[in-house]
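Welcome! Here is a short briefing to read alongside the structure, arranged by topic so that you can follow each part in turn.

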Amino acid sequence: MYDVIIVGAGPSGTTAALYASRLGLNAILLDKSTFPRDKICGDALSGKTVRVLRDLNLLESVKGLEGATIERITFGSPGNQQFDVQLKGSEQNDYITEGYVIPRKVFDNFLFQRASEVTETRQGFNVKDLIKDGDNVAGVEGVNSDGQLEQIEAPIIMGADGPNSIVSRKMDLYEMDMKNTAVALRCYYKGVEGLTNQIELHYLEEVNPGYFWLFPAGNGTANIGIGLSKDEAKKKDRNLRDILDQVINSDRFKGRFKNAEAMEKPVGWNLPLGRIKRANHGNGYMLLGDAAGLVDPFTGEGIGNAMVSGMYASRVASKAIKLNNYKDDIFEEYDSLLWNELGGELRTSSKLADLARHSFLLNFVINRAVRNKGVRDIISGMLSQEISKDDLSRPSFYFKILFS
Ligand SMILES: Cc1cc2nc3c(=O)[nH]c(=O)nc-3n(C[C@H](O)[C@H](O)[C@H](O)COP(=O)(O)OP(=O)(O)OC[C@H]3O[C@@H](n4cnc5c(N)ncnc54)[C@H](O)[C@@H]3O)c2cc1C
């Protein structure tokens, strides 16, 4: 009998396993895949991810993994202007000075191996159903790596199983919500020119509302892609692959791709955006990361929020075990901890995503930033969290940059 079953060994599940071990819980971590496995992603690790990794004493090891170190962000406007900001801040006050792009095949495998050192793990275990004990979820049933149907029991189940979460489905919480979901396409390339220590986000007309990203991924490779809201993607008469092709072959980018070679066919996946507060717990279970819909609506980042959810889920699980209480109300605290930390930022990002639908605003901000160091400093301050990101969604911000 385990204390906790963690379904899914992405960043949310492995983080939960690592904290569960710290808290002395007897957890088992299940994943239907076998590691190392790919995960469609931009692979960018920024502030919150760095903070959790540091807390887990894993940051120095992660810095040594295959990938790229990021010191700058380039923003491009629909009107073909672009500017760079440095990631600043200092380690002392917990702000990040650099970020990383590490292929998820490498990063997730690293986390999985660290989790395996302290937690029982089962790869190739595909959870198909939940076991109930009265009103409570009390275990999972799945097909194991030998193809056998197997049941595992525990009083707490963590659904860390991505946007199509089986735990969420079985508890009737899953909903394909077009308005609050984005769809993104990723493709690894080699030979893209002009990539050094910067990630690039280009807000182009073709991908509005969304952006084209161009990230160095180490060893001369690049992770490139486009993301846009699912309802908009549906409306367009072209498919995402055509849009990506069009961007790569546009006058603006074709020079940088003239010697480049795609290493795969573009692959797509959904991002459940944290624009709305979804139900994330019930009798005997909690939902984590993408299963709880925690992706930042403006930046498309979900790894950091997933890891934060793993940290809080284990903290609350430990309390539930001590109290021997697995009813819904005990897991309320998970919801509070999570939304106290992420709620404000997700709300701001939703507003920013709405503003970014207006190309003229993007052009205005980016054009001012190209010309004016003061504006670049304001944006840099926001990225390093020295200035509240909330300011970006207020009219006063636009006056400030107009007169700076
Ligand atoms: C194209 C794209 C680009 C992105 N770029 C970025 C980026 O640059 N930076 C960033 O921070 N975020 C990015 N994201 C978001 C990020 O990928 C997710 O938010 C993050 O992976 C969520 O982690 P997770 O652990 O919740 O879920 P996942 O990483 O999806 O892990 C879920 C795990 O559950 C397992 N699983 C699923 N079902 C079952 C089952 N039935 N039984 C057992 N196991 C199961 C899966 O095999 C998987 O290993 C991007 C997403 C997309 C689609």
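**A first look**

Helix 1 and helix 8 have axes that come within 7 Å of each other and cross at roughly 35°. Please keep in mind that this is a predicted model. Helix 1 (residues 11-22) also packs against helix 4 (residues 104-118), and both helix 1 and helix 8 (303-323) supply at least two residues each to the shell around the ligand. The points below take the helices, the ligand, the sheets and a few backbone details in turn.

**Helix 1 with helix 8**

- The crossing of this pair, helix 1 and helix 8, is right-handed.
- On the helix 1 side, the residues that meet helix 8 are Pro-11, Ser-12, Gly-13, Thr-15, Ala-16, Tyr-19 and Ala-20.
- Their counterparts in helix 8 are Ile-303, Ala-306, Met-307, Ser-309, Gly-310, Met-311, Ala-313, Ser-314, Arg-315 and Ala-317.
- Sorted by class, the contact of helix 1 with helix 8 comprises 10 nonpolar, 6 polar and 1 charged residues.

**Helix 1 with helix 4**

- Helix 1 and helix 4 pack at an angle of about 25°, and their axes are 9 Å apart.
- Angles under 35 degrees count as roughly parallel, so helix 1 and helix 4 are roughly parallel to each other.
- The crossing of helix 1 and helix 4 is left-handed.
- Helix 1 brings Pro-11, Thr-14, Ala-17, Leu-18 and Ser-21 to the contact, while helix 4 brings Asp-108, Leu-111, Phe-112, Arg-114, Ala-115 and Val-118.
- This contact of helix 1 with helix 4 has 7 nonpolar, 2 polar and 2 charged residues.

**Helix 2 with helix 8**

- Helix 2 (residues 47-55) packs against helix 8 at an angle of about 40°, with the two axes 7 Å apart.
- Helix 2 and helix 8 are therefore oblique to each other.
- Their crossing, that of helix 2 and helix 8, is left-handed.
- Gly-47, Lys-48, Thr-49 and Val-52 of helix 2 make the contact with Ile-303, Gly-304, Asn-305, Met-307, Val-308 and Met-311 of helix 8.
- By class, 5 nonpolar, 4 polar and 1 charged residues make up the contact of helix 2 with helix 8.

**Around the ligand**

- The ligand is surrounded by 40 residues, and the closest are Gly-8, Gly-10, Gly-42, Gly-289 and Gly-302.
- Several elements each give at least two residues to this shell: helix 1, strand 9 (126-133), strand 13 (181-190), strand 18 (267-272) and helix 8.
- In terms of class, the shell around the ligand holds 19 nonpolar, 13 polar and 8 charged residues.

- An open sheet is formed by 6 strands in the order 8-2-1-12-20-19, with mixed pairing.
- Strand 8 (120-122) and strand 19 (281-282) are at the edges, and each pairs on one side only.
- Inside this order, strand 1 (residues 4-7) and strand 12 (residues 156-159) run parallel and are joined by 4 bridges.
- Val-4 has Ile-156 of strand 12 as its bridge partner.

- Another open sheet has 3 strands in the order 9-10-11, and the pairing is antiparallel.
- Its edge strands are strand 9 and strand 11 (149-153), each pairing on one side only.
- From one strand to the next, the twist in this sheet averages 30°.
- Strand 9 and strand 10 (residues 136-143) are joined by 7 bridges and run antiparallel; Val-127 has Gly-142 of strand 10 as its bridge partner.
- Strand 10 and strand 11 also run antiparallel, joined by 5 bridges, and Val-140 is paired with Ile-152 of strand 11.
- Strand 10 and strand 11 form a hairpin with 5 residues between them, and Gly-147 in the turn has a positive phi of about 80°.

**Backbone details in the loops**

- Phe-35 and Pro-36 are joined by a cis peptide bond with an omega of about 0°; Pro-36 lies in the loop between strand 2 (27-30) and strand 3 (44-45).
- The peptide bond from Asn-208 to Pro-209 is cis as well, with omega near -5°, and Pro-209 is found in the loop between strand 14 (198-202) and strand 15 (210-218).
- Asn-80, a residue other than glycine, has a positive phi near 75°, and its place is the loop between strand 5 (72-76) and strand 6 (82-86).

Notes:
Residues numbered from 1 in each chain as written. Predicted model: local features only at pLDDT ≥ 70, side-chain atom pairs only at ≥ 80, totals over all residues. Axes fitted to C-alpha atoms, helices over the stretch in contact; angles between N-to-C directions. Parallel < 35°, antiparallel > 145°, perpendicular 65-115°, else oblique. Left-handed = near helix turned anticlockwise from the far one by under 90°. Contact = placed C-beta atoms within 7 Å. Nonpolar A, V, L, I, M, F, W, Y, C, P; charged D, E, K, R; others polar. Near = placed C-beta within 6 Å. Pairing = 2+ DSSP bridges.
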